[in-house]
Protein chains: 6
Amino acid sequence: MTAFIRSGDRVADQLRPVRITRGFTVHAEGSVLIEFGQTRVLCTASVEEKVPPHKKGSGEGWVTAEYGMLPRATHTRSSREAAKGKQTGRTQEIQRLIGRSMRAVFDLKALGERTIHLDCDVLQADGGTRTAAITGAFVAAQDAVATLLAAGKITASPIRGPVAAISVGIVQGTPLLDLEYIEDSACDTDMNVVMTGAGHFVEVQGTAEGAAFSRAEMNALLGLAEKGIAELVVLQQKALSAPLPTNP
Amino acid sequence: MTAFIRSGDRVADQLRPVRITRGFTVHAEGSVLIEFGQTRVLCTASVEEKVPPHKKGSGEGWVTAEYGMLPRATHTRSSREAAKGKQTGRTQEIQRLIGRSMRAVFDLKALGERTIHLDCDVLQADGGTRTAAITGAFVAAQDAVATLLAAGKITASPIRGPVAAISVGIVQGTPLLDLEYIEDSACDTDMNVVMTGAGHFVEVQGTAEGAAFSRAEMNALLGLAEKGIAELVVLQQKALSAPLPTNP
Amino acid sequence: MTAFIRSGDRVADQLRPVRITRGFTVHAEGSVLIEFGQTRVLCTASVEEKVPPHKKGSGEGWVTAEYGMLPRATHTRSSREAAKGKQTGRTQEIQRLIGRSMRAVFDLKALGERTIHLDCDVLQADGGTRTAAITGAFVAAQDAVATLLAAGKITASPIRGPVAAISVGIVQGTPLLDLEYIEDSACDTDMNVVMTGAGHFVEVQGTAEGAAFSRAEMNALLGLAEKGIAELVVLQQKALSAPLPTNP
Amino acid sequence: MTAFIRSGDRVADQLRPVRITRGFTVHAEGSVLIEFGQTRVLCTASVEEKVPPHKKGSGEGWVTAEYGMLPRATHTRSSREAAKGKQTGRTQEIQRLIGRSMRAVFDLKALGERTIHLDCDVLQADGGTRTAAITGAFVAAQDAVATLLAAGKITASPIRGPVAAISVGIVQGTPLLDLEYIEDSACDTDMNVVMTGAGHFVEVQGTAEGAAFSRAEMNALLGLAEKGIAELVVLQQKALSAPLPTNP
Amino acid sequence: MTAFIRSGDRVADQLRPVRITRGFTVHAEGSVLIEFGQTRVLCTASVEEKVPPHKKGSGEGWVTAEYGMLPRATHTRSSREAAKGKQTGRTQEIQRLIGRSMRAVFDLKALGERTIHLDCDVLQADGGTRTAAITGAFVAAQDAVATLLAAGKITASPIRGPVAAISVGIVQGTPLLDLEYIEDSACDTDMNVVMTGAGHFVEVQGTAEGAAFSRAEMNALLGLAEKGIAELVVLQQKALSAPLPTNP
Amino acid sequence: MTAFIRSGDRVADQLRPVRITRGFTVHAEGSVLIEFGQTRVLCTASVEEKVPPHKKGSGEGWVTAEYGMLPRATHTRSSREAAKGKQTGRTQEIQRLIGRSMRAVFDLKALGERTIHLDCDVLQADGGTRTAAITGAFVAAQDAVATLLAAGKITASPIRGPVAAISVGIVQGTPLLDLEYIEDSACDTDMNVVMTGAGHFVEVQGTAEGAAFSRAEMNALLGLAEKGIAELVVLQQKALSAPLPTNP
């Protein structure tokens, strides 16, 4: 079988160009624009000095996420969730996934009784918005933690290590890393993988859109994801090691 | 490390007792009570001779699912979604999962322009409600298809083969099959796996509740799931091979 | 005029076979499956150690009810209220009726500052779901009170006496007791009556669906209801006098 | 037992002063302000030349009602349903009752495929708002039918006869007709009765707020209601026999 | 250009007949029916001895407004907002405008920690409902303040001076004062102006429905508004100087 | 009185630096990032080849707007409207204003039966978001119209001329043009003005936040607005005269 040809001569196990811009907006404690090719997600981290009811008095903090997509982030305009008066099931699934992924690397006790809200808003969509959101939200969360450390509100970082995410899938029989929209639409199997910097799994969500997939295919996909996430973690660290740009 | 001791002397790779009662209620085209130990889910299949807007005129049918839990199906009463005026994110995630799993084995063209609604309502919960729902919904769907065949509305079954689901997880270091509630609450990793009768994956949803999990642990979990689902498929076929009981 | 012929040779003033199964599910403090012929309602009673705002600090408890119907409890599937995001006017009317009926026999002061939630969920409908719900909810409430007494939380039962309910109606000129669905659809007048064990009225709700009804017809209907409810109260007591079955 | 003393020396079986003002507002096909003492309800009837989906193509019309209460119609301000985003269960119960009561005297076939909307809005409440609403809505419906007849859209009235409603109740052991708010709050039993001009029952809704009531008490209440409704029907006819006032 | 001919020989800078009826309903602390020609709005002022969260502990009170329209206040019936489950954008805009206008003349500190709710409900609409609402709400607020003074809850009025409102617009080239519905529908420019008794602006909301308007036209409209509002303030004072009528 | 000192040595009648970036995102027919100093609004124009029901069959098109603010566009995080399930009154007011402003310069007949949706989403807020949104939406609308002309769907532009908007206000007695957040919070009077390229008014919305304002102050504010809008119209034309940048 001939392998699927990707746009821009990208090879099967290659990420799209990733750009991480810190300090993208001025008010949030962390504000990151992350781009996976044409996919662009604005991830802000906001610190709130209180916790939701289920954590009140626990001595622990909370980390939570919300996800949204601007109506014309997509090829055709989708209706605005605020106007319809409810979030779709897809939106809720994604924001629950982002929240769990962030909490997987947070020591909530060390955070203290405060909340970090991660808002991931898709400005432009071309596949992989949830994995870009997780990868960018981690960077925004780091910047928010830095403000807490700088303000002396905490003395050690509650973040135990990096977390990042990537999509993988099988298109016309070929396992591919980091699907863009056109590949995502055509794929038989689509899997989103979230891993720690240590290479362990936080979340694996695989769906056979067409034919069910074999154990061997699953193994190929997990291998691709491991490679991609290792690269993303390096990019996160590189972005975080630079000084925070000052907004013009 | 000592392995986790399960209730009722169940071994790590053993399913709970599974009971499948067809014809549990009288009105639905398919009506199945499925029990995984103390977990009991009523799955009904209703045939509607029309399709949702996105399938109108396509010549294809649709298969969709809804999921609910009675307020006191659980240890402590949870509030009624109808009274609160919205379904939780968890409910939406589950019903989307059931729907995708059913469509994975349906030939929508062969179904014709009609809809099969699968309603999965949890009467009693003790872990694994979504996997019991998928496994039971498949049996209800078969019975609904049988009424269509018997009525001459279709001449061949649109169902391509069985589908079933099971949960697996790691509790205190031990990979376990078919978690009950107390195990689910204590587990580090929880994974729901949906597979076809041919042993291929339809859905894999794994979450690290505590520590992230390694590739080796993932492999152990997938192996357990394959074993459990193979057994469930046999039980489904056995239930379907009996004559449909008549409701007293 | 020839009297209306009922299914199963039932005579005009005869109840359908009534079955009351206590301990139907395991988690609730009271859990009763009640069957009036083919109508089956699961009634659970849940004790919550707090009261709604309007009772806070009053020294009194509260008893309240919610009612639901599984989507395919009926001949044709009805849409799920949780999915539509609101309860119908019919549902609200019924659950308000059940709540008032239960409170009519409760001494809220003797209950203490706690709430008993009665959840009445129709698994299968064939007419008379609200009257079955009231009759079954009373039994579930008794079982819940027994757990409070056994736990020493209260020293005397706050229940002053039995309450039960039945429907009556006029079909083709014949007054009938305990209408099943086909009779309910055809009736000119439909009345739901709730009475205490002492034979006094708690609620009377009569509606002329077709022609308005005369005072004489009203009297005939009330007489039928008195007879039916007296029988139901005996059946409730008989069910309650047996030991609580243990769920398998 | 000493009988309860009513305000304004009203005797037990006496209605409050009833005033019926037709043409209260200018736009509606029927517009009636009805007053039962201090209770004032504005009832408008609006004709719409189409029917709801369940009547489309049936050759029949539809008659429906909505009920509302201005926030400060009551002693203390209640919150606005439009602002809260939903109607209470009480509101829904009442508007369903009004609608059924009106349909009881309408020949929907003779109405033709059009809808009469009855809007009953309480400007000031002092008990008995739903019975005033029904009694006034009938007058508004008559005026709306008159405009249809005058316009030649129908050639005979679809109204088969009058319908009116009154509340009765037992206060401190005394059966009373037409309860005002202070009596309603204190009553043991509260019953709303809807009857036709011929003295037949359309709806009977009795509730024991305190002690359950006996068959003898029920008979006393029904007798009072019959008397009151006969008087209301005379007042309706008298109001309708006058020429429609022109709005200043 | 020939000037637009108004109904009833009204000249361009002339108000419609204005009637202000205090004590229109009995329960509210202030209750005013205000009529601008055929437009009739019931404005009630309700005093509540608590404040919304954002004012708690501030030592200041709050003044807020809600606006509604009965479904058949208009030429054709509009759907009931409570039934639809949400207020339109228009309703929200109007009630925010009324609230701001009232707060413009209130010293919230002098009011003390209590809330005055102004409910403005349109019984009949013929243009200018929001300006009638503001003008009437001021009178109702005065009556509510009088009850607080009479009860000794405050010792000086928190109202700093009158506020009133009027609409102006350009119809077929002619600037007109106080548009009725038919003029409003035909106008090119529509402006609502709220002013204090001292002739200063509180709100100006002008909209070009058709052609944009020039600075000169704007000046003409503001001049008309100043004239109309001066007259309304006189009418408010005259109404308030009479003794409060007692409701029959 | 000493005049208020503005940040960055801005004089009273000076706009903040305005940047207009066309082609900011790739999918929309028009996509403009507009910046008024630190305020940044993404305005997209989407063409849909159908019209809302009230325009169906009219031969006319429709232009409509929606407005949103990312949760952390502001100094402190505000809750997400989609999560709360409704848009605030403020949001609705603003999007209605943007829609009316755009329609003021559109010939809907010339547009043909299609809709242009303008989505204005605030990425970062520092005062004046609604006026930036209107000014940017006009540029996005022009680009969308250009795609329709290029595709031959229309042969002449339906846009009659430019429209732009600016805020003005009185801060500590000084009338100022283009308020930033800190000025807006402190101002006594706040006015938003929308004008055409010809210098005529489309909308004027002035509110006295503190003291009411005089006719002289109003005149000063309108003068400032005229100056600012004339400058904005030049900037719009300059931006539109450049070639559309291609997204990297």
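Analyst: Let's start with chain F and chain A: 39 residues of chain F are in contact with 39 residues of chain A, contact being heavy atoms within 4.5 Å. Before going on, a word on the ground rules: this is a predicted model, where local features need pLDDT of at least 70 and side-chain atom pairs count only at pLDDT 80 or more, while totals for chains, interfaces and linings use all residues. Residues are numbered from 1 along each chain as its sequence is written, chains are lettered from A and ligands numbered from 1 in the order in which they are written, and side-chain values use heavy atoms, with hydrogens and water left out.

Now the area. The size of an interface is often given as the accessible area lost when the parts come together. For chain F and chain A the buried area is about 3100 Å², and carbon and sulfur atoms give 48% of that; buried area here is the accessible area (1.4 Å probe) that two parts lose on being put together, summed over both. On the chain F side, His27(F), Arg72(F) and Arg80(F) lose the most area to chain A, together 24% of what that side buries.

Next, the charged pairs. The rule finds 12 salt bridges across the interface of chain F and chain A, a salt bridge being a side-chain nitrogen of Lys or Arg within 4 Å of a carboxyl oxygen of Asp or Glu. Arg72(F) turns up again here, since its side chain meets that of Glu29(A) in a salt bridge at 2.6 Å, N to O. There are also 22 residue pairs in polar contact between chain F and chain A, both residues at pLDDT 80 or more. For that count, a polar contact is a pair of N or O atoms within 3.5 Å; within protein, one must be able to donate a hydrogen and the other to accept it, and residues adjacent in sequence count only if both atoms are side-chain atoms. The elements of chain F that give two or more residues to the side touching chain A are β3 (39-48), β4 (62-69), α1 (81-84) and β5 (115-124). Helices (H or I, at least four residues) and strands (E, at least two) are DSSP runs, numbered from the N terminus.

How do the two copies sit? The same surface serves both of them: 100% of the contact residues of chain F recur in chain A.

His27(D), Arg72(D) and Arg80(D) supply 24% of the area that chain D buries against chain E, more than any other three residues. Here the rule finds 12 salt bridges; one of them joins Arg77(E) and Glu66(D), with the closest N and O atoms 3.1 Å apart.

Some pairs of chains don't meet. No contact joins chain A and chain D, whose closest C-alpha atoms lie 12 Å apart. Chain C and chain F do not touch either, their nearest C-alpha atoms being 12 Å apart.
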